[in-house]
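Reader: Hi! Could you walk me through this chain?
Author: Happy to, here it is.

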Amino acid sequence: MAFGGFVMFIGVFLAILYTGASKTGDMFDVIDGHIWVVVFWGLVAAICQAIGLLVIKPALVDGMGPI
């Protein structure tokens, strides 16, 4: 569980560090890169989320708390 939290923290840190936003404009106005990269990583994230839910379901059914 600590490893998952660590990976999530590093992911957020890298996303903030490498936004690629210009210093003159609003960072939400900058669009750079290919949409297929975003779609690919979005699908990877969704698949990993689904796998995680399938893995944890037996423990939740046995009465373990979700947190």
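Author: What follows is a short chat about the helices, the surface and the aromatic rings.

Author: This is a predicted model: local features need pLDDT of at least 70, side-chain atom pairs count only at pLDDT 80 or more, and totals for chains, interfaces and linings use all residues. Residues are numbered from 1 along each chain as its sequence is written, and side-chain values use heavy atoms, with hydrogens and water left out.

Reader: Thanks! How many helices and strands are there in the chain?
Author: Two helices and zero strands; these are DSSP runs, numbered from the N terminus (helices H or I, at least four residues; strands E, at least two).

Reader: Does the span of α2 agree with its 27 residues, or what should it be?
Author: Helix α2 (residues 35-61) should span 39 Å, and its end C-alpha atoms are 39 Å apart, which agrees. The expected span is 1.5 Å times one less than the number of residues.

Reader: Where does α2 bend?
Author: At Val55, by about 30°, with Pro58 following within four residues. The bend is the angle between axes fitted to the seven residues ending there and the seven starting there.

Reader: New topic: what share of the 67 residues is buried?
Author: Buried residues make up 0%. Buried means under 20% relative accessible area, exposed over 50%, partly exposed in between (1.4 Å probe, protein chains only).

Reader: And which aromatic rings pair up?
Author: The count comes to one aromatic pair (ring centres within 6.5 Å, using the six-membered ring of Trp). Phe40 and Trp41 have ring centres 4.9 Å apart and planes at 70°, so the pair is edge-to-face (over 60 degrees; under 30 is stacked, the rest tilted).

Reader: Is Trp41 buried or exposed?
Author: Trp41 is exposed, at 53% relative accessible area, while Phe40 is partly exposed at 46%.
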